[in-house]
Number of protein chains: 2
Amino acid sequence: MDSKKQQRLEAQGWKIGDAADFLELTPEETMIIVMRLALSRGLKERRKSLMTQAELATKISSSQPRVAMAENGDSSVSIELLIRAMLATGASPQEIGQIIATSA
Amino acid sequence: MDSKKQQRLEAQGWKIGDAADFLELTPEETMIIVMRLALSRGLKERRKSLMTQAELATKISSSQPRVAMAENGDSSVSIELLIRAMLATGASPQEIGQIIATSA
DNA sequence: CGATAATATATCAAATATGATATAAAAAAG
DNA sequence: CTTTTTTATATCATATTTGATATATTATCG
């Protein structure tokens, strides 16, 4: 992994490093992170074609900055908020399940 | 409820529906709750054949009471903890995604 | 270009989720 | 039935997640 991407991930609160550091993550921890990133990406893709971050924020009684953090994979955003946001874009449980199923 | 009784009640001005209607939940709120319950059930099923609640708690650095709450669909348990617990029972992201996809 | 809209980053108090602990209740074993 | 194990419920201090706000940065458009 190049150091710029690493710096970005660490700035977002993730514990990502080189191969040795990476071993400190259990497979389960890695799977959770990958699921969250998959949901983030899916959210950004869906939302962009439908509405602004501010509009989505209103739909889920949240704020534009939090939607931005959700789409950027910030570690302070819960999986539940990611799912709530996905649903607010019209995503079905099937689509959400598919994203999780194919994330790792 | 049989439809005759419902018709009688509605004729009297009552709005009869299911639990979601009664609680005035949006479709999205309902979906989230159903997802959580599906994960709870899946967790309980998987865990029971493999280990005790106390053993699972240790695996996810949690406590037996919290695992009990997770399996009983307590609202104070996050979707993330449910997923972490599922993974600790050996469930794959595919299986977890499948549970979510088919929940609603 | 300059203006306007959209998105990203930082901070914060309040709400929610957390593991731990004690212990009650229920189930299983003997 | 009695003991032992397992699961459920209650409480609590701590940690995390939250929406709100201010504002910086970036994209869009005229």
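Which residues in helix α7 (residues 93-101) of chain A are buried?

Author: A note on conventions comes before the reply. Residues are numbered from 1 along each chain as its sequence is written, while chains are lettered from A and ligands numbered from 1 in the order in which they are written. The model is predicted: local features need pLDDT of at least 70, side-chain atom pairs count only at pLDDT 80 or more, and totals for chains, interfaces and linings use all residues.

In α7 of chain A, the buried residues are A:P93, A:I96, A:G97, A:I99, A:I100 and A:A101. A residue is buried if 20 or more other C-beta atoms, placed from the backbone, lie within 10 Å of its own. Helices here are DSSP runs of H or I with at least four residues, numbered from the N terminus.

The cover over these buried residues of α7(A) includes α3 (27-48) and α6 (79-88) of chain A, and also α3 and α7 of chain B. Contact requires that the C-beta atoms of two residues, placed from the backbone, lie within 7 Å.

The contact between the chains takes 20 residues from chain B and 20 residues from chain A. On the side of chain B that touches chain A, α3 (27-48), α6 (79-88) and α7 (93-101) of chain B each supply at least two residues. Of these, α7(B) gives the most, with 7 residues. By class, that side of chain B has 12 nonpolar, 5 polar and 3 charged residues. Here Ala, Val, Leu, Ile, Met, Phe, Trp, Tyr, Cys and Pro count as nonpolar, Asp, Glu, Lys and Arg as charged, and the others, Gly among them, as polar.

Notes:
Buried ≥ 20, exposed ≤ 12 C-beta atoms within 10 Å, placed from the backbone.
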